[in-house]
Amino acid sequence: MTGHVLAIDQGTTSTRAIVFDHDGHIVSTAQREHQQIMPRAGRVEHDAVEIWTNTEWVVSTVLSQARLGASAISGVGVTNQRETAIVWDRRTGRPVHNALVWQDTRTQPQVDRLAAEGGIDRFADVTGLPLATYFSASKVAWILEHAPGAREAAEAGHLLFGTPDTWVVWNLTGGSRGGIHVTDVTNASRTLLMDLRTLDWSDDMLAVWGIPRTMMPQIRSSSDVLGEVSVPGVARGIPIAGILGDQQAATFGQAAFDAGESKNTYGTGNFLLVGTGTEIVRSQHGLITTVAYRCGDEPAHYALEGSIAVTGSLVQWLRDNLGIIQRSEDVESLAASVDDNGGAYFVPAFSGLFAPYWRPDARGALVGLTRYVNKAHIARAALESTAFQTRDVIEAVVADAGRDLSELRVDGGMTRNDTLMQFQADILGIPVVRPQVVETTALGAAYAAGLATGVWSSRDELREHWREDVRFEPRMPEDERARRYRMWKKAVSKSLDWVDDDARQLAGTTG
């Protein structure tokens, strides 16, 4: 027993590897971004081969930096961007198409046709999810219909599907030379293909989307020994002992294991999870039902989730598309150079609006502009949109739960932005609490692997590792808080009903 655990965090914009010690402290970290491929409006793709190459690099780099060999690592935990769909040939290990990212909306027409026959909640009783392009099923169906020869290869049993966790683990364990084809219950619950009750693929849902069952990975627990690394030069022999979708991993890393415990992660998007224990709870206010985790042979634990598509990626957009900042971290100083948003409100509905609205017809809107507004006001409005969207999902949580939140535990890269965290507390009217370790996504994957390999004895032991760093107390007067939130809701209303035949035609001719 070494007490060191390696976490692989395959995210939307980059892949990281982090080594944690027995106390949950970071020993070393390595990170590499991958390309965001956007061939036209509404389409977002990744090169899965680039993702795997980056995974190899960050794993070897982080172990070299830590001066640790494979024998010093007790286990590997994998966490990942969820819903992103990869389809590859089991014989060659080559993807048949670029990965379709969770933000991709090209399958909206197919989703609309199914919704017209029974509403967006027609499959929610089985899957816990609304009909939306967000989830994996429609992406797999699109690849099978549009990648040359894919349908025939799939029917012949040659193609495999997986979210990025499955792709990474398959390659880590040998790829076309015997790699294991697995996922965990949390990622499976994000596909629109798994039955929440049985924790197995639903034959009915597979039939709806025309996906052969032979493509589907085996569904395993989140904390369990699955296999071992067998890639030459990449830490051979280490047990792979944990898989969690990124938001469930962050919840695990926050030690929010029980019913009523919650966290909000600020990353590419924002994701609020509230545990419901072993009970499957259906939201009446726009949240989705998802699997939170499963350890070994224990019953699965569930959660309600409020998913926000665009938060941190809006800062990236300001940097890459508008060029008003040079580095993502510059957004805080620019936003802090003005006292308020100058009357500007930014609704970043680039892929429609997710929870609690579920409005695919919405598109991004920057409203309230006058000649007074400058780039600093726009930067501030961008940050504030993250806080406003978080309030939207918390209002839904409160409505479903029937009780207020006493505080909000936060994590993720954006939480280092004190200006944003203070505004978040102000607009919510409750304390916002940042832990000492904000990289809780990777930490949660490490915890899952460490539990399965005996580094930690129990979830109670993991609770003892959680430490508060900063508590942001609300300072905004209640009447001002209410006024700003009213203005936000007005801005949201201006973003709706944008996508129609004219907008679809324009999208088809751009990019």
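Which helices and strands each supply at least two residues of the lining of the second largest pocket? The list runs β1 (5-10), β2 (14-20), β3 (26-33), α9 (246-253), β15 (262-266), α10 (312-322), α11 (330-336) and α14 (440-453). Helices here are DSSP runs of H or I with at least four residues, strands are runs of E with at least two, and both are numbered from the N terminus. The model is predicted, so to speak for local features a pLDDT of at least 70 is needed, side-chain atom pairs count only at pLDDT 80 or more, and totals for chains, interfaces and linings use all residues. Residues are numbered from 1 along each chain as its sequence is written, and side-chain values use heavy atoms, with hydrogens and water left out.

Back to the pocket. A pocket is an open set of points on a 1 Å grid over the protein atoms alone, where a 1.4 Å probe fits, with protein on both sides within 12 Å along at least five of seven lines; its lining residues have an atom within 4 Å of a point. The second largest pocket holds about 1100 Å³ of space, a volume being what probe spheres set on the points fill. Its lining has 42 residues, and T13, Y266, G267, T268 and G413 lie nearest the centre. Helix α10 gives the most, with 5 residues. By class, the lining has 9 nonpolar, 21 polar and 12 charged residues; Ala, Val, Leu, Ile, Met, Phe, Trp, Tyr, Cys and Pro count as nonpolar, Asp, Glu, Lys and Arg as charged, and the others, Gly among them, as polar.

Two of the pocket's contributors, α9 and α14, also meet each other. Their axes (lines fitted to C-alpha atoms over the stretch in contact, with angles from 0 to 180 degrees between N-to-C directions) come within 6 Å and cross at roughly 75 degrees. The two helices are therefore roughly perpendicular, a label for angles of 65 to 115 degrees. In α9, D246, A249, A250, F252 and G253 make the contact (heavy atoms within 4.5 Å), and their partners in α14 include Y447 and L451. That contact has 8 nonpolar, 4 polar and 1 charged residues.

Helices α1 (residues 48-66) and α6 (residues 164-172) pack at about 55 degrees, with axes 10 Å apart. A48, V49, W52 and T55 in α1 meet W167, V168, N171 and L172 in α6, giving 6 nonpolar, 2 polar and no charged residues.

Now for two backbone details. R67, in the loop between α1 and β5 (75-80), has a positive phi of about 55 degrees although it is not a glycine. The peptide bond from A355 to P356 is cis, with omega near -5 degrees.

Conventions:
Angles under 35 degrees count as roughly parallel, over 145 as roughly antiparallel, 65 to 115 as roughly perpendicular and the rest as oblique.
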